[in-house]
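Here are a few exercises to work through with the model open beside you. Try each task before you read its solution.

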Amino acid sequence: MMYYIIMAAMITVSGVATPIQPAIMASYVSLDRCLDELVLVSKLKGYKRVVHPMFGNSVVKQFNKDSLTLFFCAKDKRSI
């Protein structure tokens, strides 16, 4: 099975929240390797490791009170 780091962003402009199409950032052969990479990303300045209620272990970067970028691991269901 393959796992991907997915980047999703939410930007609020004039009071309207606008999600940006999620993008695949990298692929890994196991969930453990994907999560290891998230830990490395979380050590970068401005990034914070969190446990998201929907996505589990994630990394978030808050740009201001209305805009953020979220990174999380997802399984490629096509390879099952």
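A quick definition to start: buried means under 20% relative accessible area, exposed means over 50%, and partly exposed is in between (1.4 Å probe, protein chains only). Keep in mind that this is a predicted model, where local features need pLDDT of at least 70, side-chain atom pairs count only at pLDDT 80 or more, and totals for chains, interfaces and linings use all residues. Residues are numbered from 1 along each chain as its sequence is written, and side-chain values use heavy atoms, with hydrogens and water left out.

**Exercise 1. Work out in which order the five strands form the open sheet.**

Step 1: Helices (H or I, at least four residues) and strands (E, at least two) are DSSP runs, numbered from the N terminus. Two strands pair if DSSP finds at least two bridges between them.

Step 2: look at the partners of β5. Strand β1 (residues 3-13) runs antiparallel to β5 (residues 67-75), with eight bridges between them; methionine 10 stands opposite leucine 68 in β5. Strand β4 (residues 56-64) is also antiparallel to β5, joined by six bridges, and serine 58 has phenylalanine 72 as its bridge partner there. A hairpin through two residues takes β4 into β5.

Step 3: The order is β2-β1-β5-β4-β3, with antiparallel pairing. β2 (16-28) and β3 (48-52) are the edge strands, each pairing on one side only.

**Exercise 2. Find which cysteines a disulfide joins.**

Step 1: apply the cut-off, a pair of cysteine sulfur atoms within 2.5 Å. The count comes to one disulfide.

Step 2: name the pair. Cysteine 34 is joined to cysteine 73, S to S 2.1 Å. Cysteine 34 sits in helix α1 (residues 31-42) and cysteine 73 in strand β5, so the link ties together parts 39 residues apart in sequence.

Step 3: check accessibility. Both cysteine 34 and cysteine 73 are buried.

**Exercise 3. Sort the two aromatic pairs found in the whole structure.**

Step 1: set the rule. Rings of Phe, Tyr and Trp (its six-membered ring) pair if their centres lie within 6.5 Å; planes under 30 degrees apart are stacked, over 60 edge-to-face, and the rest tilted.

Step 2: take tyrosine 47 and phenylalanine 71. Their centres are 6.0 Å apart with 50° between the planes, a tilted pair. Tyrosine 47 is partly exposed at 24% relative accessibility, while phenylalanine 71 is buried at 11%.

Step 3: take phenylalanine 55 and phenylalanine 72. The centres lie 4.1 Å apart and the planes are at 15°, so this pair is stacked. Phenylalanine 55 is partly exposed at 30%; phenylalanine 72 is buried at 10%.
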